[in-house]
Amino acid sequence: MELGSDTIQRILSKYKFHDVAVQELEKIHRIYPEMKPSTGTYTYNDNTQKDLLKLTGVIPVRYEGRSYNFPIQMWLLDSFPFTPPICLLKPTSHMVLRDGKHVDAKGRIYLPALHNWDYPKSSVVGLLTEMIVKFEEDPPLSSKTTRDNKDPHELLAFVSNLKISDGGVRHHDQPIKVSVIGGGDLGMACLMSILSKCKVDKLVFIDVAESSTKGGSTDLEIFSLPKVEVSKDLSASAGSRVVVVTANAWSSEQSYVSVVQTNVDLYRGIIPTLAHLSSNAVMLIASQPVDIMTHVAWRQSGLPPTRVIGAGCNLDSERLSHALDINLNTHKHAWVVGELSDNKIAVMSNVGLNSNATPEIAPGSSSTKPLLDRAFEITKNRGQRSWSIGLSIADITNSVLTDKKKIHSISTLAQGWSGIGAEVFLSIPCIMGAGGSTRLAGASLGQEEDSKLRESVNSLSNLMGQLRI
């Protein structure tokens, strides 16, 4: 690879993992020699800039027996390869960019391989391979046609891939079905909130016999709410778009590990079945402790981590943003990150609430910390009541059903994010849509915040190591 120029060497010398980055670049050149390195100045959404290395080239995408060259650009952050590249489609003047499942309106690419980046398991070579496969399934580019120059094949290919909807993703007009697994106050709160917030054709409520959070199913049968089906059989959940799990099985055991183990044992009897019955669903976990139980559900389900998420710190994040906006006149999104415990931390967006730019996490600074601390103080005594969590669950569910691409701080696989090496689930700001979650890129944290995050990683890793999954 052409890395010998003075400009490239100057930029590369500032990379935190210089030697490893060079090895990865050489590997990319061997397999994808058409990806050429150069330097440039990347502009973040907050208008800050940084000199970075980028790879520019084309990838071959086959569609209906013909091959097309899709031009792409990959910006390598200075922590590469331990952090994923920022990937963009760069259509030529003869191409039309389509906002779709894996690419937004500005050409930014979102793929599971980026979401789950975990070097050295992850690599640019693997990312490019997945990119080709996904783009062949759902091409995000087509040829621009003119009145005088129309290729019927390309025009038909473009038209056949258009998806027309009222703001959401329609799955071939299949009924929109959501299931809530687990009764009690939280299960009922989720059901009522989803019924009010979301456009569903059927909402299934399953009261798990082994769960300690039971109740509500009889009253629902008595009063017969429209669109609500009450069942005690997990098979009633088949074909759901979203499966919400609120079931808990608290025991009288004395140790905390033993108490959590009872929940793990309960999950072992229901999660694999739920995943089999709704293999394309997003599984949304609300059982406690939510970070641990989301991790357990992912392990037991066999689903990709982008589609097994926990309610996590979404409620705290929405409250924090509201306090900043209404009480402190700071009109930016904010998210609560980390473990749902005293170690959770707050981060702020780099763009305003009304901005059309895709938000990113702003680096920690002395100016934002007092604001976030004050907003935390305003919200800290509000508690996590069942109806509040239910409203939060409904909001996440709505983002999935409508492919809203709203950012929620949800519990997800954090490995590879901001230097986290362990396999743990923590709340991280994620873009939520019909295909599940896509993590926002990590950001530099203050020393206090980074220490709390690492403490949570160690605590959760230790607890997971004691459980029989």
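Predicted model: local features only at pLDDT ≥ 70, side-chain atom pairs only at ≥ 80, totals over all residues.

Colleague: OK, how are α9 and α13 placed: how far apart are the axes, and at what angle do they cross?

Modeller: The two axes come within 11 Å, and the crossing is at roughly 50 degrees. Angles from 65 to 115 degrees would count as roughly perpendicular and those under 35 as roughly parallel, so α9 and α13 are oblique to each other. Helix α13 covers residues 447-466.

Colleague: And is the crossing of α9 and α13 left-handed or right-handed?

Modeller: Right-handed.

Colleague: Switching to rings. How many aromatic pairs does a search of the whole structure find?

Modeller: The search gives 5 aromatic pairs. One of them is W298 with F425, a tilted pair with 5.6 Å from centre to centre and 45 degrees between the planes.

Colleague: Where do W298 and F425 sit in the chain?

Modeller: W298 is in α9, which spans residues 290-301, while F425 belongs to strand β16, residues 425-433.

Colleague: Are W298 and F425 buried or exposed?

Modeller: Both are buried.

Colleague: Which residues do ring pairs link into a cluster?

Modeller: F17, F82 and Y119.

Colleague: Now charges. How many salt bridges does the whole structure have?

Modeller: A search of the whole structure turns up 12 salt bridges. Take K50 and D78, whose side chains meet at 2.6 Å, N to O. K50 lies in strand β2 (residues 49-63) and D78 in the loop between β3 and β4, 28 residues apart, and here too distant parts of the chain are linked.

Colleague: What about accessibility, is D78 buried or exposed?

Modeller: D78 has a relative accessible area of 16%, so D78 is buried, given that the cut-off is under 20%.

Colleague: What does K344 pair with?

Modeller: D316, in a salt bridge of 2.8 Å, N to O. K344 is in the loop between β13 and β14, D316 is in helix α10 (residues 314-327), and 28 residues separate them. K344 counts as partly exposed at 22% relative accessibility, whereas D316 counts as buried at 11%.

Colleague: And which residue forms a salt bridge with E318?

Modeller: K406 does, and the closest N and O atoms are 3.5 Å apart. E318 is in helix α10 and K406 in strand β15 (residues 406-413), a link between distant parts of the chain, 88 residues apart. Both are partly exposed: K406 has 22% relative accessibility and E318 has 33%.

Colleague: Last topic, T92. Where is the place of T92?

Modeller: T92 is in the loop between β4 and β5. Its relative accessible area is 37%, so T92 is partly exposed.

Colleague: How far apart are T92 and L141 in space?

Modeller: They are 10.0 Å apart, C-alpha to C-alpha, with a sequence separation of 49 residues.

Conventions: Residues numbered from 1 in each chain as written. Heavy atoms only, no water. Phe/Tyr/Trp six-rings, centres within 6.5 Å; stacked < 30°, edge-to-face > 60°. Helix = DSSP H or I, 4+ residues; strand = E, 2+ residues; numbered from the N terminus. Buried < 20%, exposed > 50% of the residue type's maximum accessible area, 1.4 Å probe, protein only. Salt bridge = Lys/Arg side-chain N within 4 Å of Asp/Glu carboxyl O. Axes fitted to C-alpha atoms, helices over the stretch in contact; angles between N-to-C directions. Parallel < 35°, antiparallel > 145°, perpendicular 65-115°, else oblique. Left-handed = near helix turned anticlockwise from the far one by under 90°.
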